[in-house]
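Let's take a walk through this model together, one stop at a time. Keep the structure open beside you as you read.

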Amino acid sequence: MVARKLTLVSSDDSESLVVKYNQLIARAEKAYFFGLQEKASNTYKQAFDLSIQLLCSPNANTVSVRRVAEVSSYRFDHCPVFDDSEEEFYLEVAANALEDLVRADRDLATRKAALQAYKSVACLACELVRFNQSMRCQLLIDQYVQIEMTHSKFLAN
């Protein structure tokens with residue numbers, strides 16, 4: 001019998017998008033901790049973009065959904081405040097991706113998680129409506145209310 005040594009592979013060597021996401025979050029937290037606001041903001045943006053990519057993939061699941069809600073909250077807490085005149089707004093991007101998942105022909109658990117994450121995104125938007133009377137955020141909230149009214153009955157089972 002030949003003995004073979006097992007080699008440990010560091011997860012840092014992996015090209016997995018999930019590993020990259022986790023690395024980005026860790027880097028953003030570290031940058032924020034050291035007062036590097038711009039670097040933290042840019043890194044959270046990269047993590048957000050990656051989370052949307054994972055959410056829109058064919059094998060998205062409840063973890064993918066929670067990841068989008070998580071990074072949206074990080075961006076809300078640690079990045080510059082949104083202005084209605086900006087071209088792209090991460091809460092809209094998250095809301096649209098989550099809405100697509102709620103409406104999709106996917107497993108019930110993932111659709112329920114998507115509706116819950118959508119609610120979290122709408123709550124963040126509500127804070128911006130209070131803070132700067134954002135019309136785009138108000139539209140996002142109104143859209144969430146419509147989706148919730150339509151789909152909550154079907155997803156409650």
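Start at Q133, which is exposed because its relative accessible area is 53%, over the 50% cut-off. This is a predicted model, so treat every value here as computed from it. Q133 sits in the loop that links α5 to α6 (135-155). Its backbone is worth a look too: phi is near 55 degrees, which is a positive value in a residue other than glycine.

Step back to N132, and you are in helix α5. Is N132 buried or exposed, or does it fall in between? With 26% relative accessibility, it counts as partly exposed, since that class lies between the 20% and 50% limits. Leaving out residues up to four places away in sequence, N132 touches V81 and F82.

Now go to another residue of helix α5, T110. T110 counts as buried because its relative accessibility is 2%. Which residues does T110 contact, once neighbours within four places in sequence are set aside? They are A60, N61, T62, V65 and L101.

Time to zoom out. The protein chain has six helices and zero strands, so if you read it from the N terminus, the order of elements is simply α-α-α-α-α-α. Of the 157 residues in the protein chain, 39% are buried. Look at contacts with a separation of 6 or more, and 66% of them in the protein chain are between residues 24 or more positions apart.

One of the partners of T110, L101, also turns up where α4 meets α5, so let's look at that pair. Two packed helices are described by the angle between their axes and the distance between the axes. For α4 and helix α5 (residues 108-132), the angle is about 155 degrees and the axes are 9 Å apart. The two helices are therefore roughly antiparallel, as angles over 145 degrees count that way. α4 passes α5 in a left-handed crossing. On the α4 side, the contact uses L91, A94, A95, L98, E99, L101 and V102. On the α5 side, you'll find T110, R111, A114, L115, A117, Y118, V121, L124, A125 and L128. Sorted by class, that contact of α4 with α5 holds 14 nonpolar, one polar and two charged residues.

What about α4 itself? At 1.5 Å a residue, its 14 residues should span 20 Å, and the end C-alpha atoms are 20 Å apart, so the two agree. The buried residues of α4 are Y90, L91, A94, A95, A97, L98, E99, L101 and V102.

Next, bring in α2. Its axis and that of α4 are 10 Å apart, at an angle of about 10 degrees. That makes α2 roughly parallel to α4, as the angle is under the 35 degrees cut-off. The crossing of α2 and α4 is left-handed. From α2, the contact takes F48, I52 and L55, and from α4 it takes Y90, V93, A94, A97, L98 and L101. How many nonpolar, polar and charged residues are there in the contact of α2 with α4? There are nine nonpolar, no polar and no charged ones.

The same length check can be run on helix α2 (residues 37-55): at 1.5 Å a residue, its 19 residues should span 27 Å, and the 26 Å between its end C-alpha atoms agrees with that. Buried in α2 are A40, S41, T43, Y44, A47, F48, L50, S51, I52, L54 and L55. The cover over these buried residues includes α1 (17-33), α3 (62-78) and α4 (90-103).

Finish with α1, one of those covering elements. α1 and α2 pack at about 160 degrees, and their axes are 8 Å apart. The pair is therefore roughly antiparallel, and the crossing of α1 and α2 is left-handed. The residues in the contact of α1 with α2 divide into 13 nonpolar, five polar and four charged. Among those in α1 are L17, Y21, L24 and R27, and among those in α2 are Q37, A40, Y44 and L50.

Notes
Residues numbered from 1 in each chain as written. Predicted model: local features only at pLDDT ≥ 70, side-chain atom pairs only at ≥ 80, totals over all residues. Heavy atoms only, no water. Helix = DSSP H or I, 4+ residues; strand = E, 2+ residues; numbered from the N terminus. Expected span 1.5 Å × (residues − 1). Buried < 20%, exposed > 50% of the residue type's maximum accessible area, 1.4 Å probe, protein only. Contact = heavy atoms within 4.5 Å. Axes fitted to C-alpha atoms, helices over the stretch in contact; angles between N-to-C directions. Parallel < 35°, antiparallel > 145°, perpendicular 65-115°, else oblique. Left-handed = near helix turned anticlockwise from the far one by under 90°. Nonpolar A, V, L, I, M, F, W, Y, C, P; charged D, E, K, R; others polar.
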